[in-house]
Amino acid sequence: MVVLYYGFGAIRSVQLVVEPPAVRRGQHATLRCLYDLDDSPLYSVKFYRGLREFYRYSPGQQPSKKIFPFPGINVDASLSDNRQVVIKNVGFGLSGNFSCEVTADAPSFSTATEHISMQVVGKLPNPDSHC
C-alpha cells in the first residue's frame, strides 16, 4: 500500500479484493476497495485499469458516481458505490493490473493506493480433476 500524507490524520489501511479470484470470461467481476479512514471523511475512491481511471465515487459531488469510457469495461452503476465497482461481461483483455485509490477529505487529504492483478479464464478448473 502506498500512502501519501498531506497533513494530520491518515488512512489506516486499504485493501483491494477481486471476487471471484479467477473471473470467467463473460461473467461479472467485483473489485472491492476495503479501507479505514480513521474518522476522516471520504473525499474520493477511484478505480484504475493500469494507469487509466474508469470509475470514481466522490460523495461531495453530484453525481457522486462517475464512469469513464474504457474499452472492454462495462461498469454496473447500480451495483457500484464507495466500496466496490462491478464490471459486467468481463473479457480476456481485462486480465492484468487494477488499483483503487482512496483520498480522505480536508484537512488531511491523505491518499492511499492498493493494486491487484485480475485473472480472466475461459473456464474454471474442475476441483475433482487430478493432474
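Predicted model: local features only at pLDDT ≥ 70, side-chain atom pairs only at ≥ 80, totals over all residues.
## Serine 95 and its surroundings

Where is serine 95? Look in the loop that links strand E9 (84–88) to strand E10 (96–104). Serine 95 has a relative accessible area of 29%, and because that value falls between the 20% and 50% cut-offs, the residue counts as partly exposed. If you skip the neighbours within four places in sequence, serine 95 is in contact with Arg49, Met118, Gln119 and Val120. Valine 23 is 72 residues away along the chain, but the C-alpha atoms of serine 95 and valine 23 are 9.0 Å apart.

## The nonpolar core

Now for the largest nonpolar core, which has 30 residues. Which of them touch the most other members? They are Leu31, Phe47, Phe54, Val102 and Met118. Two or more residues come from each of strands E2 (13–19), E4 (29–36), E5 (42–49), E6 (52–57), E9, E10 and E11 (111–121).

Take valine 102 from that list. Leaving out neighbours within four places in sequence, its contacts include Ile11, Tyr35, Leu42 and Ala112, and Cys33 is also one of them.

## The disulfide

That cysteine has another partner. Cysteine 33 and cysteine 100 form a disulfide, with 2.2 Å between their sulfur atoms, and a search of the whole structure turns up one disulfide. Cysteine 33 belongs to strand E4 and cysteine 100 to strand E10, so the bond ties together parts 67 residues apart in sequence.

Are these two cysteines buried or exposed? Both are buried. The torsion about their S-S bond is about 65°, so this disulfide is right-handed.

Conventions
Residues numbered from 1 in each chain as written. Heavy atoms only, no water. Helix = DSSP H or I, 4+ residues; strand = E, 2+ residues; numbered from the N terminus. Buried < 20%, exposed > 50% of the residue type's maximum accessible area, 1.4 Å probe, protein only. Contact = heavy atoms within 4.5 Å. Core = buried A, V, L, I, M, F, W, Y, C linked by side-chain atoms within 4.5 Å. Disulfide = S-S within 2.5 Å.
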